[in-house]
Amino acid sequence: MQSQTKRSVTPDELDTMLRASAGVGCRVEAELADGWFNTAYRVALDDGRPAVVKIAPPADVAVLRYELGILGTEAMVYRRIAGLPDGEVPAPSLLHAGKEFLVLSHLVGTPWDKATDSLSPTVHAALRRELGAITARLHTLAPEDGRFGYPAAESALSATDWRTAFSAMVDALLDDAERWQSPLGVSHADIRKLVADGGYALDEVTEPRLVHFDLWPGNIFVHLTDDGEHARITGLIDHERAFWGDPAAELVSLAFGGDAGPDSDLVAGYTRAGGSLDFGPAFHHRLALYHLYLGLLLVIECGPRGFGSDHLAFCRRTLADSVARLRSLG
């Protein structure tokens, strides 16, 4: 995906960056073109290890406020996952974290969105149950300081309660929308009212948990056996959008890969692994707010990233649907 935030470097420049910061050079094998924000390269390190190098946008490139410091957020998440019992949340190993880049171990498998056509309904259902269990274990991670919101200090988007943090997250997006003259199709005042009307539901969230918030199939690696009868999840990637908040928010991106309702395979795996989702009226109100948040984010990021009209139209429809969903709760 082409994006104005993606930073292009030559193989020699990348080798020099790694040698200066990590003490090991590399040979570039390919650029991984699927990312929408950072640039990523598949490399072979000088010590023989296959790896992926993920490079942040240049410091002078405009980004959204919540995106400030998110490379550090991703590194933090990998470290926290590594502290869980082996295999609870499969993910690449963080080999090195530099100021401008991360070096990650290479995952076995294929992004789920590229493997979908090879999965039988039975295998797909089993993977959704496994994904639910992995997500429940991811949601056991809590912030060391007890605060809600984005972990990176650069964004200044955290608070001691979820209503305040989430409201600040929305306000930051609206500030970005004003900066980029984003065509939201709804007034900022109306959006703020929709969030305020859901304050009672947000107040039910009293314990912050790690929310990936980008678990669509492209960020989930799976490995399928040669006979196609079995598969397993080998890793979750791209944790940069993660925040400390309400586990219910995870269902927004998880729904891109299949049913995420109360009777779904995903939720069955989640609850079997110890997770809890009550699906009551307040839960559904919060979920609608999180759909609104994603809709806003998708439209507004089209400005700094320079996405084209077709993608913008899709994002605007997503936002309009989320607004209609929230209004129907009134």
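Guide: Let's start with a working rule: two strands count as paired when DSSP finds at least two bridges between them. Keep in mind that what we're looking at is a predicted model.

Visitor: Fine. Which residue in β10 is the bridge partner of Pro111?

Guide: Phe221 is the β10 partner of Pro111. Another facing pair is Thr110, which stands opposite Val222 in β10. In total, 2 bridges join β6 to strand β10 (residues 220-224), and the two strands run antiparallel.

Visitor: How many residues lie between β10 and β11 in their hairpin?

Guide: There are 6 residues between them, and Gly228 in the turn has a positive phi of about 75°.

Visitor: What is the strand order in the open sheet of 3 strands?

Guide: Read it as β6-β10-β11, with antiparallel pairing. β6 (110-111) and β11 (231-236) are the edges; each has a single partner strand, so one side of each has no neighbour in the sheet. Helix α4 (residues 121-138) packs on this sheet and touches β10 and β11, its direction making about 40° with that of β11.

Visitor: And side chains along a strand, how should I picture those?

Guide: As a general idea, side chains in a regular strand alternate between the two faces of the sheet.

Visitor: How many bridges pair β2 with β3?

Guide: Strand β2 (residues 39-45) and strand β3 (residues 50-55) pair over 6 bridges, in the antiparallel sense. His96 stands opposite Val103 in β5, and the hairpin from β4 to β5 passes through 3 residues.

Visitor: Let's turn to helices. What describes a packed pair?

Guide: Two packed helices are described by the angle between their axes and the distance between the axes. Take helix α5 (residues 162-180) and helix α10 (residues 281-305): they pack at about 30°, with axes 9 Å apart. That angle makes α5 roughly parallel to α10, and their crossing is left-handed.

Visitor: Which residues of α5 and α10 make the contact?

Guide: From α5, the list includes Trp162, Phe166, Met169, Val170 and Trp180, while α10 brings residues including Leu289, Tyr290, Tyr293 and Leu296. By class, this α5 contact with α10 has 15 nonpolar, 1 polar and 1 charged residues.

Visitor: At what angle do α6 and α10 pack?

Guide: Helix α6 (residues 188-197) packs with α10 at about 155°, the axes being 10 Å apart. α6 and α10 are therefore roughly antiparallel to each other. Their crossing is left-handed. Ile191, Leu194, Val195 and Asp197 of α6 meet His285, Leu289, Leu292 and Leu296 of α10. The classes for the α6 contact with α10 come to 6 nonpolar, 1 polar and 1 charged residues. Look at Leu289 and Leu296: they are listed in the contact with α5 and in the contact with α6.

Visitor: Last topic, charges. How many salt bridges does the count come to?

Guide: In general, side chains of opposite charge can pair when their charged atoms come close. The cut-off is 4 Å from a Lys or Arg side-chain nitrogen to an Asp or Glu carboxyl oxygen, and the count comes to 19 salt bridges. One of them to check is Arg19 with Asp15, whose side chains meet at 2.9 Å, N to O.

Visitor: How are Arg19 and Asp15 placed in helix α1?

Guide: They sit 4 residues apart in helix α1 (residues 11-22), which means about one helical turn separates Arg19 from Asp15.

Definitions and conventions. Residues are numbered from 1 along each chain as its sequence is written. This is a predicted model: local features need pLDDT of at least 70, side-chain atom pairs count only at pLDDT 80 or more; totals for chains, interfaces and linings use all residues. Side-chain values use heavy atoms; hydrogens and water are left out. Axes are lines fitted to C-alpha atoms, for helices over the stretch in contact, and angles run from 0 to 180 degrees between N-to-C directions. Angles under 35 degrees count as roughly parallel, over 145 as roughly antiparallel, 65 to 115 as roughly perpendicular and the rest as oblique. A crossing is left-handed if the near helix is turned anticlockwise from the far one by less than a right angle, and right-handed if clockwise. Contact means heavy atoms within 4.5 Å. Ala, Val, Leu, Ile, Met, Phe, Trp, Tyr, Cys and Pro count as nonpolar, Asp, Glu, Lys and Arg as charged, and the others, Gly among them, as polar.
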